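Biologist: Hi! Could you walk me through the charged side chains in this one?
Modeller: Happy to, here it comes.

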Amino acid sequence: MAITLFGGEKQRKEQADQSFAQKYPISSDSSQLQKTLSEAQIELVQIKNDQPTTSGGKRVRQRNITALSNRIMQIGRAHV
(Lines give C-alpha, C1' and ligand atoms only; values in the text may rest on other atoms or scores of the structure.)
Protein backbone atom coordinates (compact mmCIF):
# COMPACT_ATOMS: atom_id res chain seq x y z
CA MET A 1 0.00 0.00 0.00
CA ALA A 2 1.51 3.30 -1.10
CA ILE A 3 1.17 6.47 0.95
CA THR A 4 -0.04 9.46 -1.01
CA LEU A 5 1.44 12.79 0.02
CA PHE A 6 -0.75 15.82 -0.48
CA GLY A 7 0.39 19.33 -1.29
CA GLY A 8 2.15 20.80 1.73
CA GLU A 9 3.31 17.51 3.20
CA LYS A 10 5.08 16.55 -0.03
CA GLN A 11 6.81 19.92 -0.07
CA ARG A 12 7.87 19.58 3.59
CA LYS A 13 9.26 16.09 2.87
CA GLU A 14 11.30 17.46 -0.04
CA GLN A 15 12.59 20.29 2.18
CA ALA A 16 13.67 17.78 4.84
CA ASP A 17 15.44 15.72 2.17
CA GLN A 18 17.26 18.81 0.87
CA SER A 19 18.17 19.94 4.37
CA PHE A 20 19.83 16.63 5.25
CA ALA A 21 21.53 16.47 1.84
CA GLN A 22 23.15 19.86 2.55
CA LYS A 23 24.01 18.99 6.13
CA TYR A 24 25.49 15.60 5.23
CA PRO A 25 27.10 15.89 1.77
CA ILE A 26 28.49 12.92 -0.09
CA SER A 27 32.24 13.25 -0.54
CA SER A 28 34.75 11.32 -2.61
CA ASP A 29 37.09 11.28 0.41
CA SER A 30 36.57 8.01 2.28
CA SER A 31 37.50 9.34 5.71
CA GLN A 32 35.23 12.37 5.30
CA LEU A 33 32.43 10.09 4.13
CA GLN A 34 32.87 7.90 7.22
CA LYS A 35 32.77 10.99 9.46
CA THR A 36 29.62 12.25 7.74
CA LEU A 37 27.97 8.84 8.10
CA SER A 38 28.82 8.71 11.80
CA GLU A 39 27.47 12.22 12.44
CA ALA A 40 24.24 11.43 10.57
CA GLN A 41 23.75 8.24 12.57
CA ILE A 42 24.24 10.14 15.83
CA GLU A 43 21.64 12.71 14.80
CA LEU A 44 19.23 9.94 13.81
CA VAL A 45 19.49 8.42 17.30
CA GLN A 46 18.84 11.86 18.82
CA ILE A 47 15.76 12.35 16.65
CA LYS A 48 14.45 8.88 17.49
CA ASN A 49 14.92 9.58 21.21
CA ASP A 50 12.97 12.83 20.98
CA GLN A 51 9.43 12.49 22.30
CA PRO A 52 7.26 15.30 20.93
CA THR A 53 3.92 15.86 22.64
CA THR A 54 1.94 17.43 19.82
CA SER A 55 0.61 15.83 16.65
CA GLY A 56 2.58 18.28 14.53
CA GLY A 57 5.77 17.53 16.42
CA LYS A 58 5.22 13.82 15.93
CA ARG A 59 4.76 14.32 12.18
CA VAL A 60 7.94 16.41 11.97
CA ARG A 61 9.84 13.77 13.95
CA GLN A 62 8.68 10.97 11.65
CA ARG A 63 9.41 13.03 8.53
CA ASN A 64 12.93 13.74 9.77
CA ILE A 65 13.53 10.10 10.71
CA THR A 66 12.51 9.02 7.21
CA ALA A 67 14.53 11.72 5.44
CA LEU A 68 17.67 11.15 7.50
CA SER A 69 17.41 7.35 7.25
CA ASN A 70 17.23 7.69 3.47
CA ARG A 71 20.24 10.00 3.49
CA ILE A 72 22.22 7.55 5.64
CA MET A 73 21.46 4.80 3.11
CA GLN A 74 22.68 7.06 0.27
CA ILE A 75 25.89 7.84 2.15
CA GLY A 76 26.38 4.15 2.94
CA ARG A 77 26.04 3.20 -0.73
CA ALA A 78 28.57 5.89 -1.69
CA HIS A 79 30.97 4.62 0.97
CA VAL A 80 31.16 1.12 -0.54
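Biologist: Which residue does Arg 12 form a salt bridge with?
Modeller: Arg 12 pairs with Glu 9, and their closest N and O atoms are 3.5 Å apart. A salt bridge here is a side-chain nitrogen of Lys or Arg within 4 Å of a carboxyl oxygen of Asp or Glu. This is a predicted model, where local features need pLDDT of at least 70, side-chain atom pairs count only at pLDDT 80 or more, and totals for chains, interfaces and linings use all residues. Residues are numbered from 1 along each chain as its sequence is written, and side-chain values use heavy atoms, with hydrogens and water left out.

Biologist: Where do Arg 12 and Glu 9 sit?
Modeller: They are 3 residues apart in helix α1 (residues 7-23), so about one helical turn separates them. Helices are DSSP runs of H or I with at least four residues, numbered from the N terminus.

Biologist: And is Glu 9 buried or partly exposed?
Modeller: Glu 9 is partly exposed at 22% relative accessibility. Buried means under 20% relative accessible area, exposed over 50%, and partly exposed in between (1.4 Å probe, protein chains only).

Biologist: What else is linked with Glu 9 and Arg 12 in a network?
Modeller: Arg 63 joins them in a network of salt bridges. Arg 63 and Glu 9 have their closest N and O atoms 3.0 Å apart. That pair links distant parts of the chain, with Arg 63 in helix α3 (residues 55-79) and Glu 9 in helix α1, 54 residues apart.

Biologist: New topic: which residue does Glu 43 meet in a salt bridge?
Modeller: Lys 23, at 2.9 Å from N to O. Glu 43 lies in helix α2 (residues 30-49) and Lys 23 in helix α1.

Terms used:
Helices (H or I, at least four residues) and strands (E, at least two) are DSSP runs, numbered from the N terminus.
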